[in-house]
Number of protein chains: 2
Amino acid sequence: MTLLNPHYLKLQGSYLFATIAQRVRAYKEAHGDAQVISLGIGDVSQPLVPAVVNALEEACREMGHAETFRGYGPEQGYAFLREAVAKHDYQARNLDIQADEIFISDGAKSDVANFQELFDLNSTVALQDPVYPVYLDTNVMAGRTGVFENGRYGRIIYLPCTQEHGFVPQLPKGHADIIYLCSPNNPTGAALTKSQLQMWVDYARTHKSLILFDSAYEAYITDPDLPHSIYEIPGAREVAVEFRSFSKTAGFTGTRCAYTVVPKTVQVYDQSGHAHMLCDLWLRRQTTKFNGVPYVIQRAAQAVYCEQGQTQIRKVIALYHQNAQIILQALTQAGMTAFGGQNAPYIWLKTPAGMPSWDFFELLLQQAQVVGTPGVGFGLCGEGFFRLTAFNTPELTKQAAQRIARLKL
Amino acid sequence: MTLLNPHYLKLQGSYLFATIAQRVRAYKEAHGDAQVISLGIGDVSQPLVPAVVNALEEACREMGHAETFRGYGPEQGYAFLREAVAKHDYQARNLDIQADEIFISDGAKSDVANFQELFDLNSTVALQDPVYPVYLDTNVMAGRTGVFENGRYGRIIYLPCTQEHGFVPQLPKGHADIIYLCSPNNPTGAALTKSQLQMWVDYARTHKSLILFDSAYEAYITDPDLPHSIYEIPGAREVAVEFRSFSKTAGFTGTRCAYTVVPKTVQVYDQSGHAHMLCDLWLRRQTTKFNGVPYVIQRAAQAVYCEQGQTQIRKVIALYHQNAQIILQALTQAGMTAFGGQNAPYIWLKTPAGMPSWDFFELLLQQAQVVGTPGVGFGLCGEGFFRLTAFNTPELTKQAAQRIARLKL
């Protein structure tokens, strides 16, 4: 008899965004004429920039000729892309990251989901609350948690990110082996300062812990003092892995390319206390379970780093920033309190009069035909909050903002 | 202290093809002028066919315009591709497989590697020997095996595929929960008949086991009586998952697209004996850990099914078949015995005078500058055998064949 992985049964309901999609479908079916605007899942609206499309088309043509055709590529990614990443995203900022420490993948979601496979099932996991559900659910599925009771999984160390502390996670009292941090944060939009991040790096060095740092939204940082990479923090090369994505930086949500940085100086330990290079373990995982990102997509990602590519994507990011400001203004007009949107594409609003998140989801859908994401979907500490994103078109964002400004609360 | 997954330490050496690549690099460095021909890893040589390139380019242009841009797609794959797969690969052959039972992915390697996550760690795994290493290594990494001793992992049920039985696996004496079958087979090139496959489906139904059926090479079947899909076998819809790929069918090794069929009638069980739909579990896995295949790649895969696409890919497959015949002839000329190559792109040769596989690897590299894959790299029962593939260009295959025919054995 084939027994299923019993940990799957601990999972709560279906995946957050799938649930939202179902509710929106049901609303649309009941209101055929409703023009629903999504400020929800965080998908981008702007097309790929011309430099990227040109590189993509050129690579497609290469695939049609025997002389330039590419079959299996290196599982870790082509050197041309890894070198571009290392040079532009790290070395140009005086950060010591080399091309052979970069792993190209089909998405930061896949990488943050798969990375936990490298660790002992008894490892203690700490994560922010509210949190991007993938960090948590993948550890549930692996069996690194107890059962779900009163809104919490056993064995997980939750790091509450509350309004009181500016949505910044505080160090845990106990010991955590693996710490997921996301800055600029999804969903709260809060970005960690260098000193806040230093505190975590110091903790990880003291405890021989590992930080899995998700900086998928670093391109949205406007404050010049905020760190874009955890490797700006002294000591981070010993204790941190960094996840980045082209999804929000260059509109690759449907094009699929991301990368993970695993410095050769990060070590993990076996039961006897012997150190092993984490980089080697991830390489082994990727060569065994993955066959790399399509060649044409890697050429597209490379084009993000050329001069025109950089100019073009910065314009798109500026447009999304402008959207965020428009949403923030509308929320203020409606009398609501909101956070984020300055160094992140996410706006984290406080629901009026402490309304539960899912109630506000319905209110917003019914009154304004605007879709957002209930804060509680990201964790208990997200209850009473709600996430809006800046990724829709300027036109629809303005329309949504007008409707939000008129909400009867 | 962050402990690593202890099962990674059970893995033997590095991944087979990575080892081969290292040896070839070393040989080339020592012999600067050597023209090495690879009949090794099984990468294709022919470019994408025009119908596919056109669809790819068209989709790239769509990505550059707001009206036709695509962001996140469905994790399971776009309906246009799932419907094309269901219609052409199954319904047109009178097989009852629906579009919502198809899951599009970035590769059969990823899918066969990830699928084991759905099952209890105490499940008993049966696999063919010799075998594609990914089935085995991913179960080692998950902890579903004992340690490696005398060439075997504990707890794995090995199904010897020997010359005596035409490289066909025999039913195990004991109980297996999860059975990996690959037909047409990599590496032996043997294809299971309907009655042989029926035997396995009957076993799985009796034992409430699950068959993970890899039919990545079905397009190479020439014998009209052989099954292309396990769903041609009565009862298979209750006990089998099928993996397919565009890699060898349409030259997608560097383009990355594949699919997995999980019929809604396949059930697995929890500890209390309650049945669960496997299809739901896989959907949950994919929505949590994967964000789908690039839109442009899915359009490229769809084009494989159009009339021109079908005509064009069949020509390429015929060319590889011709290569296989050329290699088989050369092996006969050299006095060797070889199998496969009729219903598969793989040729499985018996090394001369029982020479160990890796010795023959060196002999072939040194004498003929031809690279192949040592049979023992696929398992103990592969010792004394060697795999060659039909995927190089006709020109280089002919050159390699001439060199092979002249081998001094």
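1. Conventions. This is a predicted model, in which local features need pLDDT of at least 70, side-chain atom pairs count only at pLDDT 80 or more, and totals for chains, interfaces and linings use all residues. Residues are numbered from 1 along each chain as its sequence is written, chains are lettered from A and ligands numbered from 1 in the order in which they are written, and side-chain values use heavy atoms, with hydrogens and water left out.

2. Confidence. The average pLDDT of chain A is 96, and 100% of its residues score at least 70, where pLDDT is the predictor's confidence in each residue, from 0 to 100. For the complex, the predictor gives an ipTM of 0.96 and a pTM of 0.96.

3. Helix α10 of chain B. Helices (DSSP runs of H or I, at least four residues) and strands (runs of E, at least two) are numbered from the N terminus. In α10(B), residues 295–303, eight of the nine residues are buried, that is, under 20% relative accessible area, against over 50% for exposed and partly exposed in between (1.4 Å probe, protein chains only). Among the buried residues are B:Tyr295, B:Ile297 and B:Arg299. The buried residues of this helix pack against α10 (295–303) of chain A, and also against α2 (50–62), α3 (79–90), β2 (102–105) and α11 (307–333) of chain B.

4. The nonpolar core. A nonpolar core is taken here as a set of buried Ala, Val, Leu, Ile, Met, Phe, Trp, Tyr and Cys residues joined through side-chain atoms within 4.5 Å. The largest one has 209 residues, and those with the most contacts inside it are A:Phe252, A:Leu278, B:Phe252 and B:Leu278. Helix α2 (residues 50–63) of chain A gives the most to this core, with seven residues. Leaving aside residues up to four places away in sequence, A:Leu278 touches several residues, including A:Phe115, A:Phe119, A:Val241 and A:Val262.

5. A:Phe80. This residue lies in helix α3 (residues 79–90) of chain A and is buried, with a relative accessible area of 16%. Not counting residues up to four places away in sequence, A:Phe80 touches A:Tyr295, A:Gln298, A:Arg299 and A:Gln302. From A:Val262, A:Phe80 is 182 residues apart in sequence and 18 Å apart in space, C-alpha to C-alpha.

6. The four-stranded sheet of chain A. Strands pair if DSSP finds at least two bridges between them. An open sheet with antiparallel pairing has the order β13-β14-β17-β16 in chain A. Its edges are β13 (337–340) and β16 (373–374), each with a single partner strand, so one side of each is left without a neighbour in the sheet. Two bridges join β16(A) to β17(A), residues 385–389, and A:Thr373 stands opposite A:Arg387. Helix α12 (residues 357–368) of chain A lies across β14, β16 and β17, at about 45° to β17(A); axes are lines fitted to C-alpha atoms, for helices over the stretch in contact, and angles run from 0 to 180 degrees between N-to-C directions.

7. Strand β17 of chain B. Five of the five residues in β17(B) are buried, so this strand is largely enclosed by the rest of the structure. B:Phe385, B:Arg387 and B:Thr389 are buried on one side, and B:Phe386 and B:Leu388 on the other. Strand β14(B) runs antiparallel to β17(B) and is joined to it by five bridges, with B:Leu388 as the bridge partner of B:Ile347.

8. Strand β3 of chain A. All five of the five residues in β3(A), 125–129, are buried, so the strand is largely enclosed by the rest of the structure. It pairs in the parallel sense with β7(A) over three bridges, and four bridges join β3(A) to β6(A), also parallel.

Notes: Contact = heavy atoms within 4.5 Å.
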